Amino acid sequence: MGLIAERSIRAVIFDMDGTLLDSTGSVERCWDKLAEALGVDRARAPFAHGVPSIPTIAACRPDLSADDVIEWNRFHMRLEVEDTKGIVPIDGVFDLIAALEAANVPWAIATSCQGELAEARHAAAGIPRPKVFVVAEMYDRGKPAPDPFLTAAELLGVDASTTVVVEDAPAGITGGLAAGATVCAVVTTHDASEMRDAHFITPTLRDLQELLLG
């Protein structure tokens with residue numbers, strides 16, 4: 001018996017980047033270009049995987065006005081939307097989604113990406129599209145706040161406490177826990193030691209499939 005049956009889970013909510021698809025190359029290239037344009041040291045800038053870019057830009061350059069931060073975010077968005085080279089599905093994603101659908105388990109994506117970028121990366125990876133696809137414009141506070149997952153649960157028509165959140169980054173794990181979900185981490189972008197707050201940690205999506213469905 002898998003976790004979904006054991007805990008009477010009603011839906012699974014996935015992060016996207018680093019969880020369902022690998023966009024690492026694009027992310028690194030675009031943050032490098034942004035850091036250079038902002039005049040900050042990329043190695044020392046507080047860039048955080050899985051966190052929306054507006055608060056990251058504001059943290060890098062606290063001297064910027066709110067309007068300037070928004071303009072820099074637009075610049076960063078253009079860079080990322082135009083750079084989808086090398087974006088690929090994470091190994092095991094197709095089998096996992098097919099298994100969830102065969103078991104009649106609803107699933108959603110809740111990403112920190114803004115809509116245009118989420119669509120570009122999703123299309124580049126070629127992974128199936130869920131009925132519920134939550135992007136940054138659909139909630140007020142990004143990860144590590146619980147808002148993305150609470151929004152996804154609401155649109156799925158379930159209580160967040162009856163969902164599994166699947167994440168690859170500490171900020172998302174914190175958000176999933178704050179939403180009251182059962183949180184599963186996959187070791188794709190962070191070391192397992194950085195994700196020990198998750199309820200469960202799995203090396204791959206194939207291991208996650210076994211955990212969820214047995």
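Colleague: Taking contact to mean heavy atoms within 4.5 Å, which residues does W107 touch?

Modeller: Leaving out residues up to four places away in sequence, W107 touches V12, F14, L20, I97, L100, E101, P128, R129, P130 and L156. Bear in mind that this is a predicted model, where local features need pLDDT of at least 70 and side-chain atom pairs count only at pLDDT 80 or more, while totals for chains, interfaces and linings use all residues. Residues are numbered from 1 along each chain as its sequence is written, and side-chain values use heavy atoms, with hydrogens and water left out.

Colleague: And how many residues are in the largest nonpolar core?

Modeller: There are 32, and V12, F14, L100, W107, V164, L208 and L212 have the most contacts inside it. A nonpolar core is a set of buried Ala, Val, Leu, Ile, Met, Phe, Trp, Tyr and Cys residues joined through side-chain atoms within 4.5 Å; buried means under 20% relative accessible area (1.4 Å probe, protein chains only).

Colleague: Which element gives the largest share of this core?

Modeller: Helix α5, with four residues. Helices are DSSP runs of H or I, at least four residues, and strands are runs of E, at least two, numbered from the N terminus. A second, separate core has 21 residues, including A108, V132, A179 and A181.

Colleague: Switching to α5, which of its residues are buried?

Modeller: In α5 (residues 93-102), they are V93, L96, I97, A99 and L100. They sit on the same side of α5 because their arc, taken from the directions from the helix axis to the C-beta atoms, is only 160°.

Colleague: What covers them?

Modeller: The cover includes α1 (3-6), β1 (11-14), β3 (88-89), β4 (107-110) and α9 (205-213).

Technical notes. Buried means under 20% relative accessible area, exposed over 50%, partly exposed in between (1.4 Å probe, protein chains only). Contact means heavy atoms within 4.5 Å.
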